[in-house]
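This report describes the fold, the metal site and the backbone of a single protein chain. The sequence and coordinates are shown first.

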Amino acid sequence: MVDRLMYEEPQSMSPSSSDSKESPSSTPIVTKASTSPSPFSAFTPKIVEKRWDHNAELLIQQFWEKEGLYKFNVNSKKSIFTIDTPPPYPSGRPWHIGALAHYAQIDMIARASRALGYETLFPIGIDRNGLPVERYVETTYKIEMRSQDRERFIELCAHALDELEAEMVGLMKREGLSSNFANKYRTDGGAYRRLTQRTFIELWEKNLIYESTYPSNYCPGCQTTIADAEIIYQEKPTKLVSIAFKVRETGEELVIATTRPELMSSCQLVMVNPEDESYKKLHGLHAVVPIFEREVEIRSHPGAKREKGTGAVMICSFGDYHDVTIFRELGLQEIISIDERGRMTEAAGKFQDFTVEEARRKVIEELTARGLVRRMLTIKHEVPTCERSGNPIEIIPMKEFYLKQLDFIPR
Ligand SMILES: [Zn+2]
């Protein structure tokens with residue numbers, strides 16, 4: 001079958017036979033095709049089957065592979081056309097049909113460039129780093145990464161990746177991608193790692209990489225920072241607690257509503273809206289944070305919305321990104337009450353080591369016992385959660401490497 005499907009150079013393309021049309025002594029015309037070769041191809045397919053059989057594709061693909069038809073020849077005299085493909089990620093099965101559709105588009109470019117006479121590099125790599133495979137292994141084997149031996153877990157990931165990768169590559173080949181499969185690369189391979197490390201060192205030596213601590217989205221479940229795109233806002237019933245703070249100078253009560261009472265240990269400021277008449281007399285005074293007995297300034301700031309809660313807000317490091325902005329704007333000193341395990345730090349005093357949720361419950365209990373809860377409502381609150389593990393996201397300052405980019409923005 002392969003032979004019948006092969007593309008052969010037809011005789012009609014040679015100068016002598018192409019002239020044959022004009023020659024009265026030429027062989028009789030058999031079909032129209034044989035006398036007027038397509039101007040687009042030097043080949044005429046010789047397919048005898050009337051109906052297309054999908055199995056034929058497998059045979060063609062075997063032939064492509066045997067002949068090394070899409071190998072990239074680095075020593076070629078032709079101009080080189082390189083396609084930079086982002087290596088796809090084996091995050092689960094089956095591989096998404098959208099990815100196949102996308103690669104089909106890349107394949108069209110590769111085939112067009114070959115037809116235009118370029119030596120075409122269409123690389124195929126597999127991205128084998130990152131979180132999705134860790135989550136995949138955890139759910140497949142019903143285990144938790146942190147409770148596993150590191151080497152054993154890496155082994156399980158590699159095993160899962162091998163299986164997923166074999167499926168992906170099988171699909172790519174079945175789709176008919178004209179890629180350079182012979183030189184398939186893996187992002188956890190030795191050569192690739194050397195390349196990424198060398199790139200990092202090069203950037204470091206050029207002083208383009210710096211280490212800094214910035215508030216980051218942190219998932220205590222996955223124990224890693226995550227991107228904004230990996231956050232899902234889930235509407236969850238949340239307690240809105242109105243807490244009685246005391247104004248130090250006057251002794252009067254200032255009620256502040258919050259969904260994060262456990263973050264009072266990180267409170268560095270109380271804000272009221274400048275337009276709010278009832279709070280005008282408090283500008284510049286100090287509020288005493290209940291339980292923790294710390295004094296923080298009461299400042300007027302448009303960031304405090306009159307229609308929200310009591311109109312007075314506590315600014316903590318960090319309840320949300322509004323807090324991050326205010327800390328940055330006013331140069332406030334961060335107090336970190338939640339650690340990388342999602343537990344309370346020493347800054348939380350007697351609530352240290354409790355999980356965030358436990359601490360929240362305990363703080364509300366204590367406030368209630370002290371008679372400082374003025375109102376408690378259960379509201380529907382948009383809680384940022386991790387796309388993978390479903391854990392609520394915390395904003396925790398993390399030391400990370402950053403790549404300088406601002407210098408390269410065209411002005
Ligand atoms: Zn997570």
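The sections below proceed from the chain as a whole to its metal site, its cores and selected local features.

## Overall organisation

The structure is a predicted model. The chain comprises 10 helices and 16 strands. Of its 411 residues, 35% count as buried. Among contacts in the chain with a separation of 6 or more, 72% are between residues 24 or more positions apart.

Strand S7 (residues 209–219) is joined to S8 by two bridges, in an antiparallel arrangement. Within this pairing, Tyr218 stands opposite Thr225 of S8.

## The zinc site

Which protein atoms are the donors of the zinc ion? They are the SG atoms of Cys219, Cys222 and Cys386 and the OG atom of Ser389, lying 2.2 to 2.4 Å from the ion. The angles among the four donor atoms are 91 to 119°. The site counts as tetrahedral because all of these angles fall between 85 and 135 degrees.

The donor residues follow the spacing C-x2-C-x163-C-x2-S in sequence. Distant parts of the chain are linked here: Cys219 belongs to strand S7, while Ser389 is in the loop between strand S15 (373–386) and S16, 170 residues apart. Cys219 has a relative accessible area of 0% and is therefore buried. Ser389 has a relative accessible area of 23%, so this residue is classed as partly exposed.

In soluble globular proteins, nonpolar side chains tend to be buried together. The largest nonpolar core of this model has 37 residues, of which Phe245, Leu254, Met264, Val270 and Ile298 touch the most other members. Two or more residues are contributed by each of strand S9 (231–247), strand S10 (253–258), strand S11 (267–272), strand S12 (286–289), strand S13 (294–300), strand S14 (312–316), helix H10 (356–369) and S16. Another core lies apart from this one; it has 15 residues, among them Trp95, Ala99, Tyr103 and Val169.

Residues up to four places away in sequence being set aside, Leu254 touches Ile243, Ala244, Phe245, Val247, Val270, Tyr279, Leu282, Ile298 and Ala312. Strand S14 is mostly covered, with four of its five residues buried. S14 runs antiparallel to S11, and five bridges join the two strands. In this pairing, Val313 of S14 is the bridge partner of Met271.

Helix H6 (residues 131–141) has Leu131, Val133, Tyr136, Val137 and Glu138 as its buried residues. The cover over these residues includes helix H7 (150–175) and S8. Just after H6, Lys142 adopts a positive phi of about 50°.

Is Thr259, a residue with 13% relative accessibility, buried or exposed? Thr259 lies in the loop between S10 and S11. This residue counts as buried because its relative accessibility of 13% is under the 20% limit. Apart from neighbours within four places in sequence, its contacts are Thr238, Lys239, Leu240, Arg360, Ile379 and His381.

## Backbone exceptions

Most residues other than glycine have a negative phi, and most peptide bonds are trans. The bond joining Ser317 and Phe318 is a cis peptide, with omega about -10°. Phe318 is situated in the loop between S14 and H9.

Glu293 is in the loop between S12 and S13 and is exposed, with a relative accessible area of 52%. Asp353 is in the loop between H9 and H10 and counts as partly exposed at 41% relative accessibility.

Conventions
Residues numbered from 1 in each chain as written. Predicted model: local features only at pLDDT ≥ 70, side-chain atom pairs only at ≥ 80, totals over all residues. Heavy atoms only, no water. Pairing = 2+ DSSP bridges. Donors = N, O, S within 2.8 Å, 3.2 Å for Na, K, Ca; no water. Tetrahedral: all angles 85-135°; square planar, octahedral: opposite > 155°, others 65-115°. Buried < 20%, exposed > 50% of the residue type's maximum accessible area, 1.4 Å probe, protein only. Core = buried A, V, L, I, M, F, W, Y, C linked by side-chain atoms within 4.5 Å. Contact = heavy atoms within 4.5 Å.
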